[in-house]
Amino acid sequence: MCGIAGLIHKGRQAKIGEQMTQMLTALKHRGPDSTGLALYGAGGDGDYVMRIKFAEQEETLHGFRIAKQIAERKKTVEERLKELGAKNIQPEKAREYAYRYRFAFEGDLRRLANFIEDVEGAEILSLGKALELVKDLGDAQQIATGYALENFEGSHAIGHTRMATESDVDIRSAHPYWAYPFADISVVHNGQLTNYWNSRREMERRGHRFVSNCDSELIAVYIADRLSEGCELEKAMKESIDAFDGVFTYLVATHDSLGMAKDSMAAKPMVLYESDDFTALASEEVAIRSVFPHEIDTVDPYEGEVRVWHH
Amino acid sequence: MASLKEAAQKNHAENPQKNHAEAMHHERLGGRTQQVFFAPEEAENFTYPQSFEVDYNKRANLDVAELDAKAVNQKIRQLMSEGYGTIVLQNPGAKHSLAVGILNRLNLQIEGSLGYFGCGLIDGPNIRIKGRVGWSCAENMMAGCIVIEKNAGSTFGAALRGGDLVCKGDVGSRTGIDMKGGTIIVGGKTGIFSGFMMQRGRMVVCGNAGKNLGDSMYDGTIYVGGSIESLGVDAVEGEMTELEAAFLKRKLALYGLPCPKSWTKIVSGKQLWNYDNLEPSEKKLVL
């Protein structure tokens with residue numbers, strides 16, 4: 001089933017970590033397997049911020065040498081960052097297996113991402129100047145507490161509560177997905193893509209990498225592919241409605257925008273609230289009400305609808 | 001006092017054409033699954049065994065901000081058992097499955113919005129909702145009246161069997177899917193696949209209708225005041241009569257909705273009419 005949510009403040013910063021946690025807590029019944037948030041804040045004031053995991057949560061519970069392996073992987077990643085010219089590297093431990101890095105970098109981002117992900121067991125969750133992507137097993141409250149997100153300030157965010165249907169319950173298959181290797185682009189999705197394998201093979205032939213068997217990752221890769229060809233976000237999203245088979249509603253966020261797309265059958269829910277300075281979307285209105293308890297006007301976007309809002 | 005059956009027979013005898021034109025009839029379909037379960041002479045049996053005698057002048061306010069759906073529905077039932085005929089729900093907070101399964105006379109006012117499956121499986125109450133409703137509002141509603149002041153989500157009035165279901169704003173997709181009776185009124189527009197597999201009843205859309213309107217409908221009537229993006233399989237345009245237009249005007253006035261200047265009437269083309277026409281034994285002979 002899955003629950004998705006998004007919010008964007010226009011022209012101001014707010015406590016988006018707390019707000020998105022509230023929205024995802026209200027959507028917990030749509031998916032208790034994992035929860036993820038993509039938050040867009042001030043980041044590193046011009047530096048890059050990288051969220052990375054060195055192991056799956058389950059490995060830390062049952063592995064014999066996993067602590068040592070994580071330390072080795074972390075050391076290798078830091079060496080490779082330095083080797084490619086990253087400066088002022090500041091690691092920050094979020095969980096035993098997940099870290100946040102801040103560093104200055106002026107080189108080729110794809111080369112950097114490929115070099116880091118070449119380290120066995122390392123997976124970049126997000127890389128950008130505004131985006132910080134956190135996803136893990138558990139509900140929104142557990143993740144917000146574990147990753148200290150409640151005081152996170154920023155302009156916009158998307159989030160996801162996952163009910164696994166077609167791939168594993170692990171961090172690798174959790175949402176949001178970062179549109180590798182494009183800075184600051186992330187995707188959450190509710191639905192099933194029935195042409196996943198065919199489209200995935202086509203994207204792999206075009207040089208894109210997949211880390212999971214989750215169909216939602218295809219959307220992030222597709223958007224990345226279209227943007228790499230110079231396509232505008234809204235146009236890419238409109239084209240995606242014909243490119244994907246199945247039922248889907250998804251949200252995309254970039255460094256300054258939030259977009260939504262709904263399939264041509266309108267089979268997956270989405271409720272939208274818009275005001276002059278704020279837009280919120282969620283699979284269910286109860287999530288929007290968790291941020292706005294007073295009476296507001298909400299609407300259901302229609303089939304094939306694509307909307308984009310800017311910060 | 002004449003019985004309900006006698007009154008109905010008299011009315012039909014006096015105005016057979018008028019009644020037909022106003023879609024105030026229903027066609028008896030063939031096949032075992034089209035059994036008629038109720039008849040006017042059974043009117044005295046229409047009350048449910050555990051229904052309550054309520055007084056509309058006895059009013060209760062219920063703040064449901066801190067209650068879950070089950071507790072809210074149990075509280076409504078408890079209040080009805082105490083004779084409360086008017087209940088005001090405050091702070092519903094778009095929770096799911098509120099006000100479901102009410103098989104009783106009741107005047108229910110909801111001061112806010114509902115989530116999914118609101119007011120499902122009801123038989124009899126009059127409900128006014130000041131906010132919006134989520135997916136599948138009034139699913140399987142049997143009788144009564146629901147008026148929603150704002151918008152509604154998809155599958156609005158799915159499998160509706162009777163009563164009036166009114167949304168003054170816009171509604172989502174698949175409105176009235178599989179409806180078997182009653183009236184759905186939409187003040188604004190409706191989305192894709194509205195009236196999908198509709199069996200009986202009428203749907204009135206004052207605004208525009210999305211793609212595939214009335215797809216695979218078996219029977220029933222859809223009236224659209226605005227434009228229609230496309231008709232579904234086996235949905236065709238019917239002939240609109242003055243009597244129908246007058247009926248719609250009266251009906252909309254009842255709920256304070258402006259009447260569009262013109263209507264397009266959509267009915268089933270009945271080219272896909274293969275709905276259980278044959279008994280299983282007969283099917284064997286044919287196949």
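These questions and answers cover domains, sheets and helix packing in a predicted model.

User: Which residues make up domain 2 of chain A, and which make up domain 1?
Analyst: The assignment divides chain A into two domains. Domain 2 covers 43-129. Domain 1 is written as two segments, 3-39 + 155-310.

User: How far apart do the C-alpha centres of the two domains of chain A lie?
Analyst: The domains do touch: twelve residues of domain 1 of chain A are in contact with 14 residues of domain 2 of chain A. On the domain 1 side, the classes are seven nonpolar, two polar and three charged residues. The C-alpha centres of domain 1 and domain 2 of chain A are separated by 24 Å.

User: What is the corresponding distance in chain B?
Analyst: Chain B is assigned domain 1 (51-138) and domain 2 (156-273). Between the C-alpha centres of these domains of chain B the distance is 27 Å.

User: How many polar residues does chain B place on the side that touches chain A?
Analyst: The contact draws 20 residues from chain B and 15 residues from chain A. On the chain B side, three are nonpolar and four are charged. The polar count there is 13.

User: Which strands stand at the edges of the five-strand sheet of chain A, and why is one side of each without a neighbour?
Analyst: This open sheet runs β9-β10-β11-β12-β15 in chain A, with antiparallel pairing. Each edge strand has a single partner strand, so one side of it is left without a neighbour in the sheet. The edge strands are β9 (177-178) and β15 (306-310) of chain A.

User: What is the bridge partner of A:H189 in β11(A)?
Analyst: Strand β10 (residues 186-193) of chain A runs antiparallel to strand β11 (residues 246-253) of chain A. Eight bridges join these two strands. In β11(A), A:H189 is bridged to A:Y250.

User: At what angle does the direction of α7(A) stand to that of β10(A)?
Analyst: Helix α7(A) packs on the sheet. There α7(A) touches β9, β10 and β11 of chain A. Its direction makes an angle with that of β10(A) of about 130 degrees.

User: Is the crossing of α7(A) and α8(A) left-handed or right-handed?
Analyst: Helix α7 (residues 216-228) and helix α8 (residues 233-243) of chain A have axes 10 Å apart and pack at about 130 degrees. That angle makes α7(A) oblique to α8(A). The crossing of α7(A) past α8(A) is right-handed.

User: Which residues of α8(A) make the contact with α7(A)?
Analyst: By class, the contact has seven nonpolar, one polar and two charged residues. From α7(A) come A:I219, A:Y222, A:I223, A:R226 and A:L227. From α8(A) come A:L233, A:A236, A:E239, A:S240 and A:A243.

User: By how many degrees are neighbouring strands of the six-strand sheet of chain A turned against each other on average?
Analyst: The order of this open sheet is β7-β2-β8-β1-β14-β13 in chain A, and the pairing is antiparallel. Its edge strands, β7 (131-137) and β13 (271-274) of chain A, each pair on one side only.

User: Which residue of β14(A) is the bridge partner of A:H9?
Analyst: Strands β1 (residues 3-9) and β14 (residues 278-282) of chain A pair in the antiparallel sense. Five bridges hold that pairing. The partner of A:H9 in β14(A) is A:F278.

Technical notes. Residues numbered from 1 in each chain as written. Chains lettered and ligands numbered in written order. Predicted model: local features only at pLDDT ≥ 70, side-chain atom pairs only at ≥ 80, totals over all residues. Domains from an automatic or database assignment. Contact = placed C-beta atoms within 7 Å. Nonpolar A, V, L, I, M, F, W, Y, C, P; charged D, E, K, R; others polar. Axes fitted to C-alpha atoms, helices over the stretch in contact; angles between N-to-C directions. Helix = DSSP H or I, 4+ residues; strand = E, 2+ residues; numbered from the N terminus. Parallel < 35°, antiparallel > 145°, perpendicular 65-115°, else oblique. Left-handed = near helix turned anticlockwise from the far one by under 90°. Pairing = 2+ DSSP bridges.
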